Amino acid sequence: MINLSGIGHVLLRVADEEASKRFYRDVLGFRIAEQDPEHGGVFMTLGDGFHTIDIAQHPAPQDAPRPRHGQLGLAHIAFKVGSYSALREAYAHLLKSGVDIQRAADHVCQRSIYFADPDGNGLEIYYEMPRAL
């Protein structure tokens, strides 16, 4: 058996590296850990490791299919916040930033906001509700 210790990062191949970098940095609060122009890619972090999201420019974005709702594979990437207040603030910030909120959901054990990045990759911000003892 393999003993994995966590998810290291998610690589997103994007149509416009600069637009995606601005979105993840300015809207979601990621920091740039490293840029590697020689090999391509922007490594971005939330501060809890070297990198969480890697952004790489697609060589021919005009020919690449965009993510579609209901497709096989990745449906969304979820980011956790520490309080219900932080979730409400995230919702307001997304709206102020011009992000289209696809839906908000009460999953009983958590509250979630669903939206997409500039390439249509599904994203979620959620708050895990405290469990009653």
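**Entry 1: the Glu18 pair**

I began in helix 1, where Glu18 and Lys21 are three residues apart and so separated by about one helical turn. Helices here are DSSP runs of H or I with at least four residues, strands are E runs of at least two, and both are numbered from the N terminus. Before going on, I noted that this is a predicted model: local features need pLDDT of at least 70, side-chain atom pairs count only at pLDDT 80 or more, and totals for chains, interfaces and linings use all residues. Residues are numbered from 1 along each chain as its sequence is written, and side-chain values use heavy atoms, with hydrogens and water left out.

Glu18 and Lys21 form a salt bridge, with the closest N and O atoms 3.2 Å apart. I use that term for a side-chain nitrogen of Lys or Arg within 4 Å of a carboxyl oxygen of Asp or Glu. Glu18 is partly exposed at 37% relative accessible area, while Lys21 is buried at 8%. My cut-offs are under 20% for buried and over 50% for exposed, with partly exposed in between (1.4 Å probe, protein chains only).

**Entry 2: the sheet under helix 1**

Helix 1 lies across strand 1, strand 2, strand 3 (42-45) and strand 4, and runs at about 160° to strand 4. Contact means heavy atoms within 4.5 Å. For angles, axes are lines fitted to C-alpha atoms, for helices over the stretch in contact, and the values run from 0 to 180 degrees between N-to-C directions.

The four strands make an open sheet in the order 1-4-3-2, with mixed pairing. Strand 1 (10-14) and strand 2 (31-35) are the edges, each pairing on one side only. Neighbouring strands are turned by 25° against each other on average, direction ignored. I count two strands as paired if DSSP finds at least two bridges between them. Strand 1 and strand 4 (residues 53-57) run parallel over five bridges, and Val14 stands opposite Gln57 in strand 4.

**Entry 3: strand 8 and its partners**

I moved on to strand 8 (residues 122-128), where six of the seven residues are buried. Strand 5 (residues 77-80) runs parallel to strand 8 and is joined to it by four bridges; Lys80 stands opposite Tyr126. Strand 7 (residues 110-116) is antiparallel to strand 8, with seven bridges, and Arg111 has Tyr127 as its bridge partner. Strand 7 and strand 8 form a hairpin with five residues between them, and Gly120 in the turn has a positive phi of about 90°.

**Entry 4: Ser112**

I stopped at Ser112 in strand 7. Ser112 is buried at 2% relative accessible area. Its side chain makes a polar contact of 3.1 Å with that of Gln110 and another of 2.6 Å with that of Glu124. A polar contact is a pair of N or O atoms within 3.5 Å; within protein, one must be able to donate a hydrogen and the other to accept it, and residues adjacent in sequence count only if both atoms are side-chain atoms. Leaving out residues up to four places away in sequence, I found that Ser112 touches several others, including Leu87, Arg103, His107 and Ile125.

**Entry 5: back to salt bridges**

How many salt bridges does a search of the whole structure find? The search gives four. One of them joins the side chains of Glu128 and Lys80 at 3.5 Å, N to O. This pair links distant parts of the chain, strand 8 and strand 5, 48 residues apart. Glu128 is partly exposed at 33%, whereas Lys80 is exposed at 53%. Asp106 also forms a salt bridge with Arg111, at 3.1 Å between the closest N and O atoms; Asp106 is partly exposed at 48%.
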